[in-house]
Amino acid sequence: MIGKHPAFTAYLSDPLNGGVPLVELGAHPLTPNDRFFVRSHGDIPMLSPSAYRLRVDGRVRVHLELSLPALAALPQHELTAVLQCAGNRRVELLALGDIPDEILWDTEGVSSAHWSGVRLSDVLALAGIDLPRFETGHIAFEGLDTIQKDDQTFPYGGSIPLDKAGDVLLATHMNGDPLPPEHGFPLRALVPGWIGARSVKWLGRISVQDTPSDNYYQTRAYRHFAPYDRKETADWSAAPMLGELPVNSLITAPAANANLPAGEITVQGLAWGGRPVERVDLSTDGGATWGSTQLAPADGRWNWRRWSARLHLPAGNYELTARAWDSAANTQPDQLAVVWNWKGYMNNACHRARIQIG
Ligand SMILES: Nc1nc2c(c(=O)[nH]1)N[C@H]1C(S)=C(S)[C@@H](COP(=O)(O)O)O[C@H]1N2
Ligand SMILES: [Mo]
């Protein structure tokens, strides 16, 4: 029933969580649906399109219950955007300290697709909300899946501040096809440039409210701890809620530990973040010295940038290291120790791949 590619490997099958290796990610400008990573905290709900309704409530003038035909009648919009799980690249952090009870993602937790659907702002306008008039507030999203955790049963949820709402698409389609069941059929939020956790799948309810969502996945999970915090002493209320993604990059080719003949090689990769990527630097000596790469033209505001560099390397051992920069001149830390945290979120340290030439 779930049509994933043979290269898709699952960390967990129940609920399904997994993705494809780097070489597959790098091979496609947009990730085909059968290779797009899946991160789910509960089982995939099977929803009947005819019975489906999106509830809109909270601090709105009119409460709404929108059917799929009602959503299809709104202006249709498109958005090409990366989706990245906050836990992507967690496994690299394990070398520096234990990360209990979390999926140890390598680099599979990121993908990019062309999404289509309706603007959140158009749905809010139907409910009588004119976005710019509100200065503070939050949009809470609730899924139609059921999470079982610590003897409790509740839907998945999360929220964004109102000032992010203008960027959000409520997607019905992914790369031209209806959303596959595992990616949120029939409707999901797509919050570009933010951690995947806010892009709520199987979206059943949108509430406009004064405070962030009180859902477990907003109040407890997905908070940002310091390298010196530990599980035993964690202050959940003090740690900031994760939102915008930091600038990040991956080396997709050559594969780590590749043995290549002497001559010209092409190094390729991907770079993305909450802000536009402006430059990617490449080192062949683990970050001691740096050179430039070519960025492919930007495909909209929210897609990843593909980058490449041609190198002539004499026989020897090399440690390729990539370092992206964004439009605010933010860059990636050199050392994993800078970003280590006991939940293993937001690893954007420079990505490395050792290769051998000749
Ligand atoms: N309803 C619901 N939405 C959800 C989740 C979930 O478990 N339930 N997981 C979130 C997380 S943590 C991520 S990273 C993205 C993953 O989206 P994908 O499975 O389409 O890649 O969905 C988010 N939306
Ligand atoms: Mo996630």
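Let me start with Ile129, which in this predicted model sits in the loop between α4 (120-126) and β8 (138-143), where helices (H or I, at least four residues) and strands (E, at least two) are DSSP runs numbered from the N terminus. Ile129 is buried, at a relative accessible area of 4%; buried means under 20%, exposed over 50%, and partly exposed in between, with a 1.4 Å probe and protein chains only. The C-alpha atom of Ile129 is 9.1 Å from that of Val208, although the two residues are 79 apart along the chain.

A word on conventions: residues are numbered from 1 along each chain as its sequence is written, while chains are lettered from A and ligands numbered from 1 in the order in which they are written. Local features need pLDDT of at least 70 and side-chain atom pairs count only at pLDDT 80 or more, whereas totals for chains, interfaces and linings use all residues, and side-chain values use heavy atoms, with hydrogens and water left out.

Now to the ligand. Around ligand 1 there are 20 residues, of which Phe37, Asp145, His183, Arg188 and Lys201 come nearest, a residue being near if one of its heavy atoms lies within 4 Å. The shell divides into 10 nonpolar, 6 polar and 4 charged residues.

Which side chain has an N or O atom 2.6 Å from a nitrogen atom of ligand 1? That is Asp145, and the side chain of His183 places an N or O atom 2.7 Å from an oxygen atom of the ligand. A polar backbone atom of Arg39 is 2.9 Å from an oxygen atom of ligand 1. Taken alone, ligand 1 exposes 530 Å², and the protein buries 100% of that, with areas from the Shrake-Rupley method and a 1.4 Å probe.

Finally, some backbone details. The peptide bond from Asp14 to Pro15 is cis, with omega near 0°, and Pro15 is in the loop between β1 (9-13) and β2 (16-19). Ala253 and Pro254 are also joined by a cis peptide bond, with omega about -5°, and Pro254 lies in the loop between β16 (248-253) and β17 (259-260).

Arg89, not a glycine, has a positive phi of about 65°; it lies in the loop between β6 (77-84) and α3 (90-93) and is buried, with a relative accessible area of 0%. Asp151, again not a glycine, has a positive phi of about 65° in the loop between β9 (147-149) and β10 (152-154), but Asp151 counts as exposed, at 86% relative accessibility.

Technical notes: A polar contact is a pair of N or O atoms within 3.5 Å; within protein, one must be able to donate a hydrogen and the other to accept it, and residues adjacent in sequence count only if both atoms are side-chain atoms. Ala, Val, Leu, Ile, Met, Phe, Trp, Tyr, Cys and Pro count as nonpolar, Asp, Glu, Lys and Arg as charged, and the others, Gly among them, as polar.
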